[in-house]
Amino acid sequence: VAKLCVCDLLVAQCDINCCCDPDCSAEDFSLFTTCSVPVVTGDSQLCSQKAAVYSLDVEANPPERIFKLIDQVNPSIFCIHATNYEQAVYLKSPEIPTPENFDQLLDKFGGATFSAEPDSWNLDTDAQNPPDANETYRYEYGVPVQTEDAFLRLPSPVVSSWCSDANPAGFLVNQATKCIRSVSVEKCDSIQALSMLFYINSSILAVPKSSQMVNITVQSIVVQAQNGMRTLLNSSDVLRLPMVLDGLCINAVLGVNYHITHTDTGEIIEAAAAFVLGAISKEALSIEQSFEISFTQENTQPVPLSGNPGYVVGLPVRAGFRPQRYPFPAGFLSNKHSQLTILQSTSTQDCLAAQGARAPVLFGYNMISGCKLRITAAMKCQPLAQTLLDVLKGQSFPEYVASFGNSQAQDVLDWVPITQLHISEQMISNTLQSSCQIPVSLGIEVKWTKYGSLVNPQARIVNVTATITTTTLKQLPSGRKRIIPITSSVVFTDISSPAEPGYKAWPTINIKLPFDFFYPFV
């Protein structure tokens, strides 16, 4: 293996980044940025074999190539211990026809097909595996969800605000649309878009190009009165079709919310629709309809997103924890602790009464809140300090923040650890003996940058710092009270590189140029 080199393509010349090329000198190796073939081995099915390992020592001056010959062990239990079948290792010279062996060779190779292996190995694989027999289909991201007649419709405004029913719902693409539909009360029962059947009468294909169907069930029906009040019906088994009654068109569809459940292999297994029905007066010439679709993988809880992929201003900053024995944060799967929160101000401004009241941190919104702490001489230091810490940080302060609005738990690099700092300041009091350290403020700084294309930059969080400020409180004399303000704040800082005149902000790029970036120029 030390003499094998698959990247050695040029004759008597050094191939760039080919660390096993014998034509390369030490000076050539110093210009390499990586080894295109880091490991050279023989047959990968062998249980044990020699392996030539190539790497670069970039810390050396100049950089050097490192070569090692190691014993590599195949972890698979199905491996070749010894290559004792010589006919499979070496090319066997074909038998030359002669007058003596011609008839024998004709019987063996003269037919339309023949096999060089024993008859017991002769398997008619084409008959067992006809074309496309094992080919499987699945839904992929963005592919229209197919139905038995066309595709699942999600009406939306196209050019104007009027509804177009030609918009297909894309797999895994959560959407919410609103559009205007022209109506006529006299013809209300004949307008398909006002009927529940129009949205559930076509079954969905479990996977594309399959005969397996998934029926759309009615999850719930909400009736909206003309004054806007909504009522959830107890039974959703009976379809309510539009009809004219007392000059009104009742049971008209005002909104549809699809919910699709799928497997991790891209197969749809459940489909449900929630309807909002209402009445249309005869004076109305048009109505506004709303449509929404969401996708959830089976055996998982739906996770609310704050952008796709970058954060959207005004949506909550997603946060999580690193559970024990898990390599990734997964706490955000719980709705209770899925957001970064701060102290929520109350009308009483009493810190001890405000414990547990939290407000979500909204991306892009600088926030400040607070309360007042009334201290008496009877209060003990340690319980008071812990209570104030719970007021500022909450019962479960997260350890990580999602860098993108759609970061998933398994994407380890998409989570930013929260750096926690402590600052102590002095508070002078005219009194007695012992002193006490209590937290008085929590300041959260969120640094973010514009990521991706200049045409459509995405907001990405790159750093989060939470600073707890404590102060020294001396013991009060008996009978005296003191009021101390407790504050929480959040500041968002855009650290994107400044843009050139006439352009949007450039994204922050942290790269290291290769050694031969300017080669052959100095």
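Buried means under 20% relative accessible area. The close-up views below are taken from a predicted model.

**Figure 1. The disulfide between Cys351 and Cys371.** The sulfur atoms of Cys351 and Cys371 lie 1.9 Å apart. The torsion about their S-S bond is about 100°, so this disulfide is right-handed. The pair links distant parts of the chain, 20 residues apart: Cys351 is in the loop between strand E16 (341-343) and strand E17 (358-360), whereas Cys371 is in strand E18 (residues 367-376). Cys371 has a relative accessibility of 4% and therefore counts as buried. Cys351 also counts as buried, because its relative accessibility is 1%.

**Figure 2. The disulfide between Cys5 and Cys20.** In this link the S to S distance is 2.1 Å. Cys5 and Cys20 both belong to the segment before helix H1 (26-29), and the pair joins distant parts of the chain, 15 residues apart. The disulfide is right-handed, because the torsion about the S-S bond of Cys5 and Cys20 is about 75°. Cys5, at 19% relative accessibility, counts as buried. Cys20 is likewise buried, with a relative accessible area of 7%.

**Figure 3. The disulfide between Cys163 and Cys179.** The two sulfur atoms are 1.9 Å apart in this disulfide. Cys163 lies in strand E5 (residues 163-164) and Cys179 in strand E6 (residues 175-182); the pair links distant parts of the chain, 16 residues apart. The link is right-handed, with 95° about the S-S bond. Both Cys163 and Cys179 are buried. The count for the model comes to nine disulfides.

**Figure 4. The largest nonpolar core.** This core has 41 residues. Among those with the most contacts inside it are Val317, Leu340, Val401 and Ile438. Several elements each supply at least two residues of the core, including helix H6 (381-393), strand E19 (400-402), strand E20 (415-426) and strand E22 (458-474). Strand E21 (435-451) is another of these contributors, and the largest share, seven residues, comes from E21.

**Figure 5. The surroundings of Ile444.** Ile444 is one of the residues with the most contacts inside the largest nonpolar core. When its neighbours within four places in sequence are left aside, Ile444 is in contact with Leu340, Ile342, Phe397, Val464, Thr465, Ala466, Ser489, Val490 and Val491. Of these partners, Leu340 is also named among the residues with the most contacts inside the core.

**Figure 6. A second, separate core.** This core has 32 residues. Tyr199, Tyr258, Ala271 and Ala273 are among them.

Methods: Residues are numbered from 1 along each chain as its sequence is written. This is a predicted model: local features need pLDDT of at least 70, side-chain atom pairs count only at pLDDT 80 or more; totals for chains, interfaces and linings use all residues. Side-chain values use heavy atoms; hydrogens and water are left out. A disulfide is a pair of cysteine sulfur atoms within 2.5 Å. Helices (H or I, at least four residues) and strands (E, at least two) are DSSP runs, numbered from the N terminus. Buried means under 20% relative accessible area, exposed over 50%, partly exposed in between (1.4 Å probe, protein chains only). A nonpolar core is a set of buried Ala, Val, Leu, Ile, Met, Phe, Trp, Tyr and Cys residues joined through side-chain atoms within 4.5 Å. Contact means heavy atoms within 4.5 Å.
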